Amino acid sequence: MAGIHITDIEAAINWWRERSPSPDGITACKEVLALAEVYALMVYYHETECDEDSMPPKAHEAWLAWYASTPDAPCIAICSTSQGDDVCKGCGRTFDEVQNWTVMSPSEKRQTWRRITFEGTAWRFNRYSERAPDAQPSPAPEGAA
């Protein structure tokens, strides 16, 4: 089973804090409290991932609610794995990840998202100007403000 990275726990906490802000600046909603316990233990034990299966049910439910608010697939409809590439140039997923996406667990999908985001080489992370390295911005005409 895939692990849930600490940055995803933190993102879920922040999402819940924004969704259910503290009325007095001290108390937190039950979802934040459940996730904060997991987060604190991870920090204390210097862990970067927690096991999805052993996560307390309330924290797991809160994490899944945050997960449901994130984009599911990184696909940008430019799939080079259908052309024989081992890694898709469009989204950055491997052939196996593309083929098995619908049966992957939420934590497995998040691990894939984390990897492709960290690598940042897929076209989904590039702007057109970055793909055209010889293109330089046109200089402003003289006298233009």
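**Helix α3 against helix α5**

Trp63, Leu64, Trp66 and Tyr67 in α3 meet Pro106, Ser107, Lys109 and Arg110 in α5, where contact means heavy atoms within 4.5 Å. By class, that contact has five nonpolar, one polar and two charged residues. Here Ala, Val, Leu, Ile, Met, Phe, Trp, Tyr, Cys and Pro count as nonpolar, Asp, Glu, Lys and Arg as charged, and the others, Gly among them, as polar.

This is a predicted model: local features need pLDDT of at least 70, side-chain atom pairs count only at pLDDT 80 or more, and totals for chains, interfaces and linings use all residues. Residues are numbered from 1 along each chain as its sequence is written, and side-chain values use heavy atoms, with hydrogens and water left out.

Now the geometry. α3 covers residues 57–68 and α5 residues 106–119; they pack at about 55°, axes 11 Å apart. Helices are DSSP runs of H or I, at least four residues, numbered from the N terminus. Axes are lines fitted to C-alpha atoms over the stretch in contact, and angles run from 0 to 180 degrees between N-to-C directions. The two helices are therefore oblique to each other: under 35 degrees is roughly parallel, over 145 roughly antiparallel, 65 to 115 roughly perpendicular, and the rest oblique.

On confidence, pLDDT is the predictor's confidence in each residue, from 0 to 100. The protein averages 89, and 86% of the residues score at least 70. Confidence is highest in α3, at a mean of 98, and lowest in helix α6, residues 128–131, at 52.

Last, serine 82, in the loop between α3 and α4 (95–100). Serine 82 and phenylalanine 95 are 13 residues apart in sequence and 8.5 Å apart in space, C-alpha to C-alpha.
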